[in-house]
Amino acid sequence: MRVGGGIYTKAADVGADLVGKIEKGIPEDDPRNAAVIADLVGDNVGDCAGMAADLFESYEVTLVAAMILGAATFGLPGVLFPLAVRALGVFTSTIGIFAVRAKGKSKINEGVNAILRAFAISAIVSIGGFFLLSKEVTGGVDLAFATTVGVILSIVIFVLTDYATGDHAPAKEIARQSQTGPATVILAGLVSGFSSTVWAILAIGVTILTSFLIFPDPLMAAYGVALAGMGMLTTTGLIVSMDSYGPIADNAQGIAELAGIKDKSAGILHKLDSIGNTTKATTKGFAIASAVVAAVSLFESFLTDNGLSSIDVAHPAVFVGLLIGGAIPFLFSSLTIKAVSDSTFAVIKEVRRQFKEMPGIMKGTQKPDYAKVVDLTTKAALGALAAPALVAIIVPILVGFLLKAEALGGFLAGTILTGQLLAVFMSNTGGAWDNAKKMIEDGLYGGKGSDEHKATIVGDIVGDPLKDTSGPAINPLIKVMNLVALLVAPLIVATETLTFVHWIGIMSAFLVLAFFVFNAQRTNI
């Protein structure tokens with residue numbers, strides 16, 4: 001849902017923008033654009049369903065990891081506490097949702113402020129609940145401190161992501177660079193995206209180190225990291241609400257444009273859409289951080305299950321595993337961006353065909369065939385899922401069986417590191433390009449239709465598959481690969497007696513299967 005939804009939404013969005021805004025010079029959600037309905041549908045499948053699936057997966061794998069590590073450290077209380085935290089999250093998220101009340105009809109930001117107040121209420125109630133549960137389950141409060149660290153991390157990630165993508169210096173600098181053309185817009189966005197990765201990974205690093213301060217024992221510290229993830233995900237209900245705010249505002253603006261509404265409500269909807277871009281960007285930062293914490297928790301569970309207290313990176317096989325793991329997020333990103341590019345190409349051809357063969361569309365006397373584009377985009381997105389899915393499942397199995405368990409641990413470490421950096425870079429860069437375009441549309445540096453606006457449109461189109469497809473898609477990648485490694489670990493140990501020749505034959509069969517699926521995907525598109 002996360003990867004397929006991301007491919008769908010950006011294929012429709014980029015296709016609609018390139019033909020509509022760039023080639024035909026019509027507004028973004030003009031009813032004459034055959035891809036406009038697919039674009040509106042894409043906001044739902046990508047940002048609503050995709051985000052919900054992503055966070056649900058993070059919650060479940062973090063819970064599984066916490067229970068495995070809790071059983072190894074605290075016994076039954078260690079298993080019960082994360083389950084109790086999960087139940088508490090349902091309760092506190094419900095309180096937060098009912099606490100959403102907008103107070104000031106004249107303030108455009110009040111909708112976001114209402115959600116932020118609800119998030120704060122939910123977080124405070126959750127922290128209080130952590131201490132009550134910890135005292136009840138274990139008789140102490142150490143576990144409560146570990147989960148509280150996760151809540152603090154979520155707040156820090158919100159602040160960092162908002163600065164990198166919102167109405168702040170980085171996006172303003174990108175807008176300023178639009179005065180010299182699209183090339184400098186692209187460069188300014190890359191500068192902002194690269195630098196934002198440093199602060200995000202430092203925040204996660206501090207969270208992990210804090211777990212070691214709370215629990216000096218390495219195994220208990222690993223349990224503390226898993227609990228930090230549980231604490232971070234306690235407010236998931238509010239996070240999904242904040243993320244859904246963006247598509248709701250975006251679709252509302254799209255419907256108003258389709259209906260030809262041009263009064264002052266159109267301006268209000270445009271501003272709400274701009275705010276929605278920020279809420280979507282901040283929740284993506286939250287999703288990435290939660291995915292990394294979940295993957296670290298699964299990584300620690302993998303080490304525990306295999307009796308590995310550490311990984312010797314100096315060992316050649318382990319180092320090779322580390323190198324392969326670091327490369328996989330780049331391969332995965334290339335596959336997802338290519339899927340968007342190929343699907344977009346198909347959308348563009350169809351929209352151009354309709355403009356050419358149905359001249360009444362531009363005159364307003366003939367309706368485009370919206371359903372054709374929706375059908376085409378859906379098939380392309382589903383077909384493009386095969387290759388990324390095979391990479392996520394087959395590669396850790398290959399590394400585990402050919403290079404053994406310790407090398408597989410190195411592989412997972414490399415994947416988590418480069419996956420986090422790439423995901424934050426792509427998500428924040430795309431978000432900053434998007435909001436820089438919104439600033440120009442609000443009247444900065446010439447406003448809509450100016451050369452500066454056209455320069456930022458190029459940046460936004462390049463950033464769309466980064467922030468809404470490939471960046472978020474890395475979240476399930478690192479979790480799935482860690483989970484696959486955890487599941488195949490017993491098989492790796494059980495098959496230690498098989499020779500290298502045996503495994504060459506087995507893995508050749510895997511590769512033949514992969515070839516046929518890759519070829520089928522390419523042919524389908």
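This is a predicted model: local features need pLDDT of at least 70, side-chain atom pairs count only at pLDDT 80 or more; totals for chains, interfaces and linings use all residues.
The side chains of D468 and K284 meet in a salt bridge, with 3.1 Å from N to O. D468 belongs to helix 15, residues 451-494, and K284 to helix 10, residues 264-305, so this pair ties together parts that are 184 residues apart in sequence.

How accessible are the two partners? D468 has 6% relative accessibility and therefore counts as buried. K284, at 5% relative accessibility, counts as buried because the limit for that class is under 20%. The pair also belongs to a network: salt bridges that share partners join K10, D13, D47, K284, D434, D464, K467 and D468. For the structure as a whole, the count comes to 20 salt bridges.

D13 counts as buried, with a relative accessibility of 8%. K10 counts as buried as well, with a relative accessibility of 3%.

The next salt bridge concerns R32 and D30. The closest N and O atoms of this pair are 2.9 Å apart. Where does D30 lie? D30 is placed in the loop between helix 1 and helix 2, the latter being residues 36-73. Which residues does D30 contact, once its neighbours within four places in sequence are left aside? They are V36, E257 and L258. Is D30 buried or exposed? D30 is buried, as its relative accessible area is 8%. R32, in turn, counts as partly exposed at 24% relative accessibility.

I now come to helix packing. Two packed helices are described by the angle between their axes and the distance between the axes.

Helix 15, which carries D468, packs with helix 7, residues 182-214, at an angle of about 45°, and their axes are 8 Å apart. Helix 7 and helix 15 are therefore oblique to each other. The crossing of helix 7 past helix 15 is right-handed. On the helix 7 side, the contact is made by P182, V185 and I186, and on the helix 15 side by A455, T456, V458, G459 and V462. Sorted by class, this contact of helix 7 with helix 15 holds six nonpolar residues, two polar residues and no charged residues.

Which residues meet here? S343, A346, V347, E350, V351 and Q354 in helix 11 meet K372, V373, L376, T377, A380 and A381 in helix 13. By class, the contact of helix 11 with helix 13 has seven nonpolar, three polar and two charged residues.

To close, I return to the opening pair.

Conventions:
Residues are numbered from 1 along each chain as its sequence is written. Side-chain values use heavy atoms; hydrogens and water are left out. Contact means heavy atoms within 4.5 Å. Helices (H or I, at least four residues) and strands (E, at least two) are DSSP runs, numbered from the N terminus. Ala, Val, Leu, Ile, Met, Phe, Trp, Tyr, Cys and Pro count as nonpolar, Asp, Glu, Lys and Arg as charged, and the others, Gly among them, as polar. A salt bridge is a side-chain nitrogen of Lys or Arg within 4 Å of a carboxyl oxygen of Asp or Glu. Buried means under 20% relative accessible area, exposed over 50%, partly exposed in between (1.4 Å probe, protein chains only). Axes are lines fitted to C-alpha atoms, for helices over the stretch in contact, and angles run from 0 to 180 degrees between N-to-C directions. Angles under 35 degrees count as roughly parallel, over 145 as roughly antiparallel, 65 to 115 as roughly perpendicular and the rest as oblique. A crossing is left-handed if the near helix is turned anticlockwise from the far one by less than a right angle, and right-handed if clockwise.
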